[in-house]
Amino acid sequence: MIILSFYSHTLDGGDFVSLLYKEVDDFEAYAYHQKQFKKVTKKDLLGKWTLFFFYPADFTFVCPTELEDLQEKYQEFKKVNCEIYAISTDTHFAHKTWHDISKIEYPMIGDPTHSLTYDFDVFDENDGLAQRGSFIIDPEGKIVVYEVNAGNVGRNAEELLRRLHACQFVYEHGNNVCPAKWKLGEKTIQTTIENIGK
């Protein structure tokens, strides 16, 4: 089993750069949400928190368990001003079928042209599908957390929500940081010289 919590992509010059703090590029995609097809652009992300949740395909083995796990936490994400977008290389038409047989309420973006999966560097060239990439994006449209799992390893919505809470806290309290295993309401650490190493 391989779980990657950090990876890089190449620019034209061959240099490796992190996607961390990268501002999301302009994009246009179509999602199925609330019984209709909707256009989604970068403007829809600005001013609130966003989780881009890439996955290989609707009708597979692990993916349905992840989508249902996210749904169980969806209202908690919404309460803290975060929208979830599930994204695969399926079409938005296939996503409608998935909605029809499930209880999913969040938007599902179709990326059959692979433009988003390429831009977020999660396109699997061998399978022609998206990898299991999770991206938390702040209200300014910048990536503040990202992780890619191997295709046979499902993710945990509760852990994604915990990371979102931590990102929101430090976004609002710049001189305080969140220690390991931090959960909402617990003590944080002030970045003062007296607290180094404690």
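User: Between which two strands is the loop in which lysine 142 is found?

Analyst: Lysine 142 is found in the loop between strand E11 (132-137) and strand E12 (143-149), where strands (E, at least two residues) and helices (H or I, at least four) are DSSP runs numbered from the N terminus. This is a predicted model, in which local features need pLDDT of at least 70 and side-chain atom pairs count only at pLDDT 80 or more, while totals for chains, interfaces and linings use all residues. Residues are numbered from 1 along each chain as its sequence is written, and side-chain values use heavy atoms, with hydrogens and water left out.

User: Why is lysine 142 called partly exposed?

Analyst: Its relative accessible area is 29%, and because buried means under 20%, exposed over 50% and partly exposed in between (1.4 Å probe, protein chains only), lysine 142 is classed as partly exposed. Its contacts (heavy atoms within 4.5 Å) are with Tyr21, Lys22, Glu23, Ile136 and Ile137, not counting residues up to four places away in sequence. The C-alpha atoms of lysine 142 and threonine 50 are separated by 9.8 Å, although these residues are 92 apart along the chain.

User: What makes E11 largely enclosed by the rest of the structure?

Analyst: Six of the six residues of E11 are buried, so the strand is largely enclosed by the rest of the structure. Both faces are covered, with Arg132, Ser134 and Ile136 buried on one side and Gly133, Phe135 and Ile137 buried on the other. For the protein chain, buried residues make up 44% of the 198 residues.

User: How do you know that E11 and E12 pair, and how many bridges join them?

Analyst: Six bridges join E11 to E12 in the antiparallel sense, and because two strands pair if DSSP finds at least two bridges between them, E11 and E12 count as paired. Isoleucine 136 stands opposite valine 145 in E12, and isoleucine 136 is also the bridge partner of leucine 51. Strand E6 (residues 49-54) pairs with E11 in the antiparallel sense over four bridges. In the hairpin of E11 and E12, five residues lie between the strands, and glycine 141 takes a positive phi near 85 degrees.

User: Why does glutamine 34 count as exposed, and where is its place?

Analyst: Glutamine 34 has 52% relative accessibility and therefore counts as exposed; its place is in the loop between E4 and E5. Lysine 35, found in that loop, is likewise exposed at 77%. Neither is a glycine, yet glutamine 34 has a positive phi of about 50 degrees and lysine 35 one near 65 degrees. Strand E4 (residues 28-33) and strand E5 (residues 36-41) pair in the antiparallel sense over six bridges, with alanine 29 opposite valine 40.

User: Why is H1 called roughly parallel to H4?

Analyst: The axes of helix H1 (residues 62-79) and helix H4 (residues 157-172) come within 9 Å and cross at roughly 25 degrees. Because angles under 35 degrees count as roughly parallel, over 145 as roughly antiparallel, 65 to 115 as roughly perpendicular and the rest as oblique, H1 is roughly parallel to H4. Axes here are lines fitted to C-alpha atoms, for helices over the stretch in contact, and angles run from 0 to 180 degrees between N-to-C directions. The contact is made by Asp69, Leu70, Lys73, Glu76 and Phe77 of H1 and by Ala157, Glu158, Leu160, Leu161 and Leu164 of H4.
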